[in-house]
Amino acid sequence: MSNSDFKNQYKKRLKNRIEEASKVRKIVSIILTVLILALLIGGVSGYLYVKSALEPVEPGNDKQINVDIPLGSSTSSIASILEKNDIIKNDLIFRFYTKFKNESGFQAGNYQFTSSMTLNEIIETLKSGKLVKEPVYKVTVPEGRNLEQIAEVYAEDLPFTKEEFMEKVNNESYVKEKMSEYPQLLTEDILNEEIRHPLEGYLFAATYDVYVEDPTIDQVVKKMLDKTQAVVLPYVNQMGNLEGLENVHDLVTMASLLENEARTEKSRKMISGVFQNRLGKDMKLQTDPTVLYAHGEHKDRVLYEDLEIESPYNTYYITGLPVGPISNFNENSLQAAAKPEEHEFFYFLADSSGEIHYASSLEEHNQLKDKYIN
């Protein structure tokens, strides 16, 4: 090989090496760039992921969720239970967070959490055994109140008016929306065109805690329907074969009558038995509170002329139950409706002291009326 050929080949190999080295540098540069970007993206994503996991699941949602923490539960199992119930977003992050803060001593028990609680609030609740989040409003809805009276109770403290509340609960689209959410409680019966207010009787009497400054009417109504459903549905299964009571609407309607007709648990069961006996004989129930509801006004005394109002609520005018409930009610009224006292009475009246007297016949009832009323 000549000297010139050797030089040419050497130059060629050198050129190839330089080109290969350049390609390697480019590849290494690309790989390093990708790795750096991946680390940056991963770091940012990881930060956002952890930050999100430390925040409440659903701020503003203060619907209470019952969660049972069994005796002997570890932090790991508690975290898993909380995630399954949508109280926290990620059980792993919760475990790291409690370990980082050196939190322990969580108590077993049945808790009421909300999806809007922070991790610190959840931890304090588990340590103290009670809900630590203070309600913004505490509203007590008494028994025996109709829908308009309930609207007035809320309007006293919450940032909406009675008129706004009534407009919402009487809106047909809204009512149908609630029916789809509570299919076992709210049936087609409430859409009867003769019913004054579809949700009448379905907003349970209780004290309600509201945890947000500006609650919507829907948030309030859902809280009440949750309570009603929890209390009412178990009694539907206990009804058995009762005269005139075939479904949840009938049960709620009867409970509302008993709530307004009597004041004690015992008298409500007795009067429920009277109503059962009358329904079995196709006798009119003839209960004065339905007359007042039919008139739409409060009166201290029902007059004979009041009984003549032609209304699907007036039990002096129609046979059987009124078209719908006339108010909300106490649980013992519901219990009395589902499990009436068995006896042979068809009539009752209350004397001036409030004591109730029962009779098996109209003749006996009139004698009691002469003795205690006339």
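## Basis of the description

Buried denotes under 20% relative accessible area, exposed over 50%, and partly exposed in between, with a 1.4 Å probe and protein chains only. By this criterion both Tyr154 and Phe165 are buried.

The model is predicted: local features need pLDDT of at least 70 and side-chain atom pairs count only at pLDDT 80 or more, whereas totals for chains, interfaces and linings use all residues. Residues are numbered from 1 along each chain as its sequence is written, and side-chain values use heavy atoms, with hydrogens and water left out.

## Nonpolar cores

A nonpolar core is a set of buried Ala, Val, Leu, Ile, Met, Phe, Trp, Tyr and Cys residues joined through side-chain atoms within 4.5 Å. The largest such core has 68 residues, and those with the most contacts inside it are Tyr154, Phe165, Leu186 and Val221. Helix H8 (residues 217-236) gives the most to this core, with 8 residues; helices (H or I, at least four residues) and strands (E, at least two) are DSSP runs numbered from the N terminus. Apart from this core lies another, of 19 residues, among them Ile69, Leu82, Ile88 and Leu126.

Contact means heavy atoms within 4.5 Å. When neighbours within four places in sequence are left aside, the contacts of Phe165 include Ile150, Ala151, Phe160 and Leu203. Ile217, Val220 and Val221 are also in contact with Phe165, as is Tyr154.

## Aromatic pairs

Rings of Phe, Tyr and Trp (its six-membered ring) pair if their centres lie within 6.5 Å; planes under 30 degrees apart count as stacked, over 60 as edge-to-face and the rest as tilted. The count by this rule comes to 7 aromatic pairs. The pair of Tyr154 and Phe165 is stacked, because the ring centres are 6.0 Å apart and the planes stand at 20°. This pair links distant parts of the chain, with Tyr154 in helix H5 (residues 147-157) and Phe165 in helix H6 (residues 162-169), 11 residues apart. Together with Phe160, Tyr154 and Phe165 form one aromatic cluster.

The rings of Phe275 and Phe348 have centres 6.1 Å apart and planes at 65°, so this pair is edge-to-face. Phe275 belongs to helix H10 (residues 265-280) and Phe348 to strand E5 (residues 347-350), so the pair ties together parts that are 73 residues apart in sequence. Phe275 counts as buried at 0% relative accessibility, and Phe348 counts as buried at 17%.

## Salt bridges

A salt bridge is a side-chain nitrogen of Lys or Arg within 4 Å of a carboxyl oxygen of Asp or Glu. The whole structure contains 11 salt bridges. In the one between Lys127 and Glu103, the closest N and O atoms are 2.9 Å apart. Lys127 lies in helix H4 (residues 119-128) and Glu103 in the loop between helix H3 (91-100) and strand E2 (109-113), so the pair ties together parts that are 24 residues apart in sequence. Lys127 is partly exposed at 30% relative accessibility, whereas Glu103 is buried at 18%.

Glu148 and Lys162 also meet in a salt bridge, at 3.8 Å from N to O. Glu148 in helix H5 and Lys162 in helix H6 are 14 residues apart. Both residues are partly exposed, Glu148 with a relative accessible area of 35% and Lys162 with 22%. A further salt bridge joins the side chains of Arg268 and Glu259 (3.1 Å, N to O), and both of these residues are buried. Salt bridges that share partners join Glu177, Lys178, Glu181 and Asp218 into one network.
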